[in-house]
Amino acid sequence: MASRRISSLVSRSLPLLSRGGKQTYVGRGIYRYSTAAALEDPIKPPVTVQYDKLLINGQFVDAASGKTFPTLDPRTGEVIAHVAEGDAEDINRAVAAARKAFDEGPWPKMTAYERQRILLRFADLVEKHNDEIAALESWDSGKPFEQSAQVEIPMFVRLFRYYAGWADKIHGLTIQADGPHHVQTLHEPIGVAGQIIPWNFPLVMFGWKVGPALACGNTVVLKTAEQTPLSALLVSKLLHEAGLPDGVLNIVSGFGPTAGAALCRHMDVDKIAFTGSTETGKIVLESSAKSNLKPVTLELGGNHLLLFVRMLMWTKLLSWHTLLYFSIRTYVHEKVYDEFIEKAKARALKRVVGDPFKAGIEQGPQIDAEQFEKILKYIRSGKESGATLETGGDRFGTKGYYIQPTVFSNVKDDMLIAMDEIFGPVQTVLKFKDLGEVIQRANNTRYGLAAGVFTQNLDTANTLMRALRVGTVWINCFDTFDATIPFGGYKMSGIGREKENTVSRITCK
């Protein structure tokens, strides 16, 4: 595959010290968080919850059972709102509405230009309500408001404008064939698309899945993550305000074993797209196969890989707040290993943890108590298996689901903290000697989602971008996303690609 060259996306500099609690000086200009320090009282979000019901056939309705479930503020564990809890009966209602809208409604019969105009109007409305949507997203998910408002909502808008632009540019082909035959191919909407999105990037995943499905003339039944159901309901209201016909987009909030399973098994759903864990992805694939053999796209787990051949690119990486947002398996050449550990530790200790609505915050709370405890369990495993805890390793403060940025050195490939996807602010640092060795070790994993390579040697970059068995390789950049760039993994990181059926190799200037 040819490489794609895009400019790197670098976040603006942020304050160095946390405002969320006391720190203790431990020498050499490095501070350690005090785990006894309580975070300040949470800031009241500048938004109210307007939509907490299911969206079926253009109307916000209660669940058939009348049940609701709480969605929680991860800063405190307190209830934000009680949301309608959909189950199999609600999925049946939503699929029936989507099927009728596809078979009888105007959406797939519209000209592509008309669909494009609706999607563009929607993007304009989201842009107009940027801060309101961002506040709801941060309140429900715990991610920094600045990240939601300045990065993710603009990305969401860009995604819908991009897909809107594709709506009237999807062309078929005429093909030369032996004999007196005229052969032509058509690209047609598949029908009712069932979609299941995760809690980590609710709106971005909404954009990745709903955007292309609508642009092509499909109808959608979307199941939101039970941890973060609110933002999808808000933007769906704007989508109808932009002119989307009733029944084209239906949203069911609920749980995987009930609503999610019913969607995957449904005989009137023509395609499933799922983002989530590998274990749940297996269940989705099995359920889809046992029903009507519907095709499935899976974007699953992946322990992101970072590979440093030299230290020269470290200062560039320091400016990216995503460094410790997820677990990162980091291979560092032995010649620069000790220097890297010191810099990684210093950066983690300066990382600003606290209320996501406070200016300058780099890391908010984990999504819920279950994920919080899971991360702490992995940290304990790292300690017990013999890795060196350089910094962090405990909760931050006494309230909410905050975890200290954590760095482990002297990590071995067979440790759980290196093999598994922790999905939390934990960096594991491993040492290597040469490229042949590190390629073999890096590929010796059940995952293959994404990797970042930092080097100034063009031959090294070219070797690694082809040798690493992952769907995306970032060269001298990390976590660079764009509406035009596909995303998906090898092996147990999934099947297919979001946005495009190719493999990404990205070089940043």
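The model is predicted: local features need pLDDT of at least 70, side-chain atom pairs count only at pLDDT 80 or more, and totals for chains, interfaces and linings use all residues. Residues are numbered from 1 along each chain as its sequence is written, and side-chain values use heavy atoms, with hydrogens and water left out.

**Whole chain**

- The chain has 14 helices and 23 strands; helices (H or I, at least four residues) and strands (E, at least two) are DSSP runs, numbered from the N terminus.
- Of the 509 residues, 58% are buried, where buried means under 20% relative accessible area, exposed over 50%, and partly exposed in between (1.4 Å probe, protein chains only).
- Taking contacts between residues at least 6 apart in sequence, 72% join residues at least 24 apart; a contact means heavy atoms within 4.5 Å.

**Strand 14 and its neighbours**

- Strand 14 (residues 296-299) is covered on both faces: Val296 and Leu298 are buried on one side, Thr297 and Glu299 on the other.
- Strand 13 (residues 271-275) runs parallel to strand 14 and is joined to it by four bridges; two strands pair if DSSP finds at least two bridges between them.
- Within this pairing, Phe274 is opposite Leu298.
- The chain passes from strand 13 through helix 8 (residues 278-290) to strand 14 in a right-handed β-α-β crossover, meaning that, with the strands pointing away from the viewer, the path from the first strand over the helix to the second runs clockwise.
- Strand 22 (residues 494-495) is antiparallel to strand 14, with two bridges between them; Gly494 in strand 22 is the bridge partner of Glu299.

**Aromatic rings**

- The whole structure holds 18 aromatic pairs; rings of Phe, Tyr and Trp (its six-membered ring) pair if their centres lie within 6.5 Å, and planes under 30 degrees apart count as stacked, over 60 as edge-to-face and the rest as tilted.
- One of these is the tilted pair of Phe160 and Phe206, 6.3 Å centre to centre with 40° between the planes.
- Because Phe160 lies in helix 4 (residues 145-166) and Phe206 in helix 5 (residues 202-215), the pair ties together parts 46 residues apart in sequence.
- Phe160 is buried, at 0% relative accessibility, and Phe206 is buried, at 0% relative accessibility.
- One aromatic cluster is formed by Trp208, Trp474, Phe478, Phe481 and Phe487.
- Lys431 lies over the face of Tyr337, 4.8 Å from the ring centre; a charge sits over a ring if NZ of Lys or CZ of Arg is within 6 Å of the ring centre and within 35 degrees of the ring normal.
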